[in-house]
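Me: I am new to this structure and would like to learn how to read its features one at a time. Could you take me through a few of them?

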Amino acid sequence: MTWVSQLVQKPWVWAWFGAVSMWVIITGVSGFGAGGQVMSAAASFGTFFVIVAIGQMFVITLGPGNVDLSIPACMTLSATLAMKFMNGDPGLLVPGFLISLGVGLAIGTTNFLLILFLRIPPIIATLSASFLYQSTAIWSNRGLRVKPPEVLGDFAVAKVAGVPILTLVVLVVTVGMAFLLHRTRFGLSVLAVGQNEKAAKLAGIRVERVRFLTYLMCAVFASVCGFFLAGFSGGAALNMGEQYLLMSIAVVVIGGTSVAGGYANLTGLWGASLFMFLLVSMLNTLGLSAGYRLIVTGAIIVAVIVVSGRKLAR
Amino acid sequence: MARFLTPKALRTLLPALSLAALLAAIFYLQPRTMSYFGLNLLLNLAVPIALATIAQMFILCVNDLDLSLGAFVSLTACITATWLNDTPLLGVLALAACVVAYGALGALIHLRNLPSIVVTLGMSFVWTGIAVLILPTPGGSAPEWIRTLMTLKPSLVPFPIIASVVIALVVHIGLMRSAAGTVLRGVGGNPKSVERAGWSLLRVKVTMFSLAGLFGVFSGMALVGLTTSADANIALRYTLLSIAGGILGGGEFVGGRVSPVGAVIGAITLALAGSFLSFLRLNPDWQIGAQGAILILVLALRLLVSSRERRI
């Protein structure tokens, strides 16, 4: 039984355990057919959660106070500008994507400059700046829903053997990110800064450069997510990023990454994303009303943190 | 004169100066606001925001952050507009239960050493869920006495100003000037030393979270007194407003450095920012953005002041 006790100690195990039990309940209630369908939907929606959560995870790993609250605004702005530029023309797909990337790079740089020069906590810096990004999106969007080029929409929902292509792409990206985190100088620097910023500085790590790259990366992931989400959901809408703020933080933490920083886990991100989606689906399957659904969702998030909380301790 | 304008004094004065500058700009743009009636209209909605900011300040003071405050205020607003109005006893019990729940949350966060950001994030779902159950569609009505209180028209000074001053002073005396308040703030500064000195950290956390809950309840009640009805999402933006207000008012994220007077001023500044922008005839699209810009501007000014502080 040693493997069980070893497994229980892995930080990502709770998220996956939760995801699997949710799926078992759904399948138990509505049969295998529904179980297969919900799994496919979970893969689709979970993929978007994972994309933003990867960036948020690197940010949170930098240590206490590091959270990027500008993710929803960044997603909205990137999707709005890119969709508007392409205006449904498939020929403009590549420049559209580049615009989206550009938005991410610009927002990441702005966030970092605010943190660096104003010396304010990243939470406040990204929060205040996100108001500006959101306003820019509102101003350029004017409440319209600009349709994405058909190719983009098709790609975002395309499936191979029941598995969305986007999911496969993001899986590969996740593996790449795991390599980046555990095997490269940048990744190890992020972990070191999160564990002890002073020690990291004394060891010769250029802390501000690491922070810059991390916030840049987070914004780029958010903008790319916004780009594909707009394709997936038939256009950019002003509230499209709304739930991704809570979701990105919840997924990171439930996935076993330490909120205190210094310890990150990519395997858990997938488990937690699937768990969050399946949890909501399960509550729908059980036919609960909106109010109870919210209560149970919140209670389960808190319960997961309490149960798995000992390792998160500051 | 120069002796009083030390950087430290400037830092304390900065929130008030920003508010004064904003008010001056508003008066300049729209002289009619410089009347009893104008000020009343201008500042009305600042009262619930100020109460919510004070609530957030209690949490900031023990180095935590409450991301569920907006949802919580919405819930208390819903309870106020329904139960407290129809069956006052049930309403009072429910609101008291809300305060107790906040205290219990503080205990949970302390005992299990949990990250407050995530716990409150989860709780925000719970609060919204309960609010939806209580009031599935926007509606309800404000209890008569709250309505009367919030629409009071005292002679000379408009009610929102009196209310803000009273809130700021009561909390200032309780938290900054009393012995108990010093212990409470000490936990934000150095928890270990407070514990060594024989105080229970658990009790401090529970007290602070309960106080936050209490002021959250007040905020919801005040809001319903103004809007006369409620819905489950009525105050969701208070989460960010309260954090921003607390920071604008000179609070810090760590170290128990907070300022109740500053928090109230910060909240009023944010509430006025909206009016200022509409007087500027600024495109409504830029309203939120300009609030962000004001926030960044004030923080930049503060940095300027504190860098002078360091040089001296």
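Reply: What follows takes up aromatic rings, a surface patch and backbone angles in turn. This is a predicted model, in which local features need pLDDT of at least 70, side-chain atom pairs count only at pLDDT 80 or more, and totals for chains, interfaces and linings use all residues. Residues are numbered from 1 along each chain as its sequence is written, chains are lettered from A and ligands numbered from 1 in the order in which they are written, and side-chain values use heavy atoms, with hydrogens and water left out.

Me: How many aromatic pairs are there over all chains?

Reply: A pair of aromatic rings is described by the distance of the centres and the angle of the planes. Rings of Phe, Tyr and Trp (its six-membered ring) pair if their centres lie within 6.5 Å, and planes under 30 degrees apart count as stacked, over 60 as edge-to-face and the rest as tilted. By this rule there are 18 aromatic pairs over all chains. One of them joins B:Phe72 and B:Trp127 edge-to-face, at 5.1 Å centre to centre and with 65 degrees between the planes. B:Phe72 lies in helix 4 (residues 69-81) of chain B and B:Trp127 in helix 7 (residues 116-134) of chain B, so the pair ties together parts that are 55 residues apart in sequence. Helices here are DSSP runs (H or I, at least four residues), as are strands (E, at least two), numbered from the N terminus.

Me: Are B:Phe72 and B:Trp127 buried or exposed?

Reply: Buried means under 20% relative accessible area, exposed over 50%, and partly exposed in between (1.4 Å probe, protein chains only). Both B:Phe72 and B:Trp127 are buried.

Me: Which residues form the nonpolar patch on the surface?

Reply: A patch is made of residues with over 30% relative accessible area and no salt bridge, with like charges joined within 9 Å and nonpolar side chains (Val, Leu, Ile, Met, Phe, Trp, Tyr) within 5 Å. Here B:Leu156, B:Val157, B:Ile162, B:Val166 and B:Val170 form such a patch, with about 450 Å² of accessible area together. B:Val170 is found in helix 9 (residues 159-177) of chain B and is exposed, with a relative accessible area of 53%.

Me: What is the phi of B:Leu156?

Reply: Most residues other than glycine have a negative phi. The phi of B:Leu156 is near 70 degrees, a positive value in a residue other than glycine. B:Leu156 sits in the loop between helix 8 (144-150) and helix 9 of chain B, and is exposed at 79% relative accessible area.

Methods
Accessible areas come from the Shrake-Rupley method with a 1.4 Å probe; for residues, only the protein chains shown count as cover. A salt bridge is a side-chain nitrogen of Lys or Arg within 4 Å of a carboxyl oxygen of Asp or Glu.
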